[in-house]
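Okay, thanks everyone, let's get going.

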Amino acid sequence: MKPGSRAVHAGRHPGRRESLAPPIVQASVHVFDDLDDYDEVAAGRSPGHVYGRNSNENTGWLEAAVAELEGGEAGVATASGMAAIYVAILALAPRPVPILFQRELYGTTIALLREDFAPLGYELRPADFTDLGAVERGLPGAGLVISETITNPLCAVADLDRICALARDARVPVLVDNTFASPTLFRPLEHGATAAVHSATKYLGGHSDLVAGVAVGSGEFVRQSRARSIRLGTTLGPFEAWLALRGLRTLALRMTRHSANSLRLAEALAGLEAVDRVHHPLLEGSPWQPVAARLLPEGSGGMLAFDLAGARPAVQLMLGRMRLAAFAASLGGVETTISYPEITSHRGLTPEERLELGILPGTVRVSTGIEDPEDIVEDFVQAITAG
């Protein structure tokens, strides 16, 4: 089946007289007839669930669905995207090793590496992944590579085909955060990545009503990730898993509209005098456009950023004039939202670090929703240009 059809049916295939919609199984513990039955399930030799922190039916359906969409052998659902990243790193690099990572990673991911992994002895090697030479220089001796499909917030696209090939030759696993693209637009495992992670809070759920994460890869990778999730207590609850699977059913439809709307808005903003620069991977003239067009032929999702000439005061003035878009520090919902990276996603970085990454005092990140594109464009244009 094509990705859109798989999104509708992945993870659960109801049989005769079963409910078409998945039920919510609000159970923390299950009952067994005898010792042998429990032992078979607990050891993983027979299907079933023992305890809610280990697994449950709803998380199992979600894990199977995302694994199917990503082309992985299995998946593990967690209580947040950050939890998915955490257990994935521990599974791929259980002991301190040098970690080569894209310097433009999500701010909290960078904080996780600095505040939690570096003190344990992990060496951190940030690099500009759009520079393949920098990747090659950082690989010798590395134990893990971490990248994003589309960076947060400036939407750069590195050549993951080449990066994964370089890492494979160096025998280094690659972890890709695929949140911005979603598996309907890009599947990292098909391009050589070892594992993929998602903040399911965003596009997979799609309705700004849950917090969840998923990590996908080989059966062994998921076994190692799940074991750590169980010990850390990062298991996703059944209701959030049910919501995420419900949102997943419309993922392909939403991503098509998100992609079209973001590009339409980027083109409109690029023509405004008050906008210094627009960051969209598929915008004509973008330095990432050749690579993005090859890796993301179906679109790049709903994300873009732009730099207002008037810096923070201009951003504040624009926000006060918005009628449709809301200021909210997240992304991937059906509604258009605005974020200000300086105080949201990248507030943990110093001003100098933000400037080095290209995040300016006038940088605004936009998550375009699925509203009519003309309404979105009109809202931004009037808010930026109103006298």
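So, the largest pocket: by class, its lining has eight nonpolar, six polar and two charged residues. For the classes, Ala, Val, Leu, Ile, Met, Phe, Trp, Tyr, Cys and Pro are nonpolar, Asp, Glu, Lys and Arg are charged, and the others, Gly among them, are polar. Before I go on, this is a predicted model, where local features need pLDDT of at least 70 and side-chain atom pairs 80 or more, while totals for chains, interfaces and linings use all residues. Numbering runs from 1 along each chain as its sequence is written, and side-chain values use heavy atoms, with hydrogens and water left out.

A pocket here is an open set of points on a 1 Å grid over the protein atoms alone, where a 1.4 Å probe fits, with protein on both sides within 12 Å along at least five of seven lines; lining residues have an atom within 4 Å of a point. The volume is the space filled by probe spheres set on the points, which are joined across faces, edges and corners. For the largest pocket that comes to about 550 Å³. Val41, Ala42, Gly44, Ser55 and Arg226 lie nearest its centre. Helices H2 (35–42) and H8 (219–232) each give at least two lining residues, and H8 has the largest share, with four. Helices and strands are DSSP runs, H or I of at least four residues and E of at least two, numbered from the N terminus.

The second largest pocket is about 370 Å³. It's lined by 24 residues, with Tyr106, Asn152, Ser199, Lys202 and Leu331 closest to the centre.

Asn152 also shows up in the backbone: its peptide bond to Pro153 is cis, omega near 10°. Pro153 is in the loop between strand E4 (144–148) and helix H7 (160–169).

Two serines have positive phi: Ser182 near 75° and Ser208 at about 55°. Which of these is buried and which is exposed? Ser182 is buried, at 0% relative accessible area, and Ser208 is exposed, at 51%. The cut-offs are under 20% for buried and over 50% for exposed, partly exposed in between, with a 1.4 Å probe and protein chains only.

Last, helix H14 (373–385): its buried residues include Ile376, Phe380 and Ile384. Those buried residues pack against elements including helix H10 (251–269) and strand E8 (275–279), counting contact as heavy atoms within 4.5 Å.
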